[in-house]
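Please keep the sequence and the 3D view at hand while reading the grouped points.

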Amino acid sequence: MTDSKLTTLTEKKVPAFLVVGISGYVTMLLNQNFINSYRKVTNGGKSTAAEKLKNLFPNANIMSQDAYFMDPEDERLRLLPQLNGHENWESLDAIEMDRLLQDVDKWMTDAMSSKQVGTVPLLIIEGFLIFNHCVLANLFHRKYFIQIDRSTCINRRRFRTYNPPDEPGYFEEVVWPMYLKNKAELSAQHDIVYLDGTKSPDDIVSQIAEDIRWFTDSGCPLVDPISVPCLLSGLDVSH
């Protein structure tokens with residue numbers, strides 16, 4: 001599905017809550033001014049897409065996958081001997097997905113018991129691997145993947161500060177190959193809406209917001225989450 005065909009109608013009713021995922025090289029695109037300490041996002045920028053969406057949907061909550069990165073000293077991290085033992089941060093192995101899933105489950109439980117009238121509780125989950133975890137991928141009602149080319153990825157990555165810093169060659173040997181690999185694993189998920197990452201953040205937010213409004217407005221139908229087989233290459237669902 002392309003960004004020119006955002007909305008698909010079905011004969012489904014609006015559920016008790018709505019879970020939306022925004023993926024791709026998303027944090028680079030949507031929040032270019034933050035400092036990334038221990039690979040966990042600190043929102044130094046004031047105009048991220050998630051913040052703008054929350055302003056548009058006051059009933060929304062936001063979870064960032066980056067907040068669940070392991071500490072650099074964690075012994076579970078996979079090291080790259082060809083890069084002086086630098087950690088591989090582009091894999092699900094570097095993220096505490098079980099903790100993220102627990103938080104999502106708690107939010108959904110609370111949303112189900114919500115007494116709000118006339119509004120649909122909205123959870124926005126952002127992260128570059130949220131659709132690569134088959135358990136989490138099955139929880140989304142709407143999925144958006146912001147795709148960019150290699151040169152754009154390099155340029156936007158320069159805005160980030162890492163602790164620990166990248167080893168020379170990390171982008172060429174790990175970041176971009178893993179981006180392509182992780183994206184290829186999503187080919188069976190036909191419910192993902194692919195957006196053009198070269199557009200301005202405001203344009204992208206506008207597209208996503210318009211789509212969400214279509215489904216949350218009174219009487220609008222909604223696509224239920226579809227089952228994503230846990231057959232992704234090299235994916236351990238215990239992560």
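Of the 239 residues of the protein chain, 50% count as buried, where buried means under 20% relative accessible area, exposed over 50% and partly exposed in between, with a 1.4 Å probe and protein chains only. This is a predicted model, in which local features need pLDDT of at least 70 and side-chain atom pairs count only at pLDDT 80 or more, while totals for chains, interfaces and linings use all residues. Residues are numbered from 1 along each chain as its sequence is written, and side-chain values use heavy atoms, with hydrogens and water left out.

**Overall make-up**

- The protein chain contains 7 helices and 9 strands, which are DSSP runs numbered from the N terminus (helices: H or I, at least four residues; strands: E, at least two).
- Among contacts between residues at least 6 apart in sequence, 79% join residues at least 24 apart, a contact being heavy atoms within 4.5 Å.
- The accessible surface of the protein chain comes to about 11,600 Å², and 52% of it belongs to carbon and sulfur atoms; the areas come from the Shrake-Rupley method with a 1.4 Å probe, and for residues only the protein chains shown count as cover.

**The sheet**

- An open sheet is formed by 5 strands in the order S4-S7-S1-S8-S9, with parallel pairing; two strands pair if DSSP finds at least two bridges between them.
- The edge strands are S4 (60-64) and S9, each of which pairs on one side only.
- Neighbouring strands of this sheet are turned by 20° against each other on average, direction ignored; axes are lines fitted to C-alpha atoms, for helices over the stretch in contact, and angles run from 0 to 180 degrees between N-to-C directions.
- S8 and S9 pair in the parallel sense over 5 bridges, and Gln-147 stands opposite Asp-196 in S9.

**Strand S7**

- S7 pairs in the parallel sense with S1 over 5 bridges, and Leu-123 is the bridge partner of Val-19.
- S7 also pairs in the parallel sense with S4 over 5 bridges, and here Glu-126 is the bridge partner of Ser-64.

**Helices against the sheet**

- Helix H3 lies across strand S1 (18-24), S4 and S7, and runs at about 170° to S4.
- Helix H6 lies across S8 and S9, and runs at about 150° to S8.
- H6 (residues 170-184) has 15 residues and reaches 20 Å from its first C-alpha to its last, close to the 21 Å expected at 1.5 Å a residue, a span taken as 1.5 Å times one less than the number of residues.
- Buried residues of H6 include Phe-171, Val-175 and Trp-176, and the buried residues of this helix pack against strands S5 (79-80), S6 (86-87) and S8 (142-147) and against helix H5 (150-157).

**Nonpolar cores**

- The largest nonpolar core has 41 residues, and those with the most contacts inside it are Val-19, Met-63, Val-104, Trp-107, Ile-125 and Leu-136; such a core is a set of buried Ala, Val, Leu, Ile, Met, Phe, Trp, Tyr and Cys residues joined through side-chain atoms within 4.5 Å.
- H3 (97-112), S7 (122-126), H6 and S9 (192-196) each supply at least two residues of this core.
- Apart from this core lies another, of 18 residues, among them Leu-53, Val-120, Ile-208 and Ala-209.
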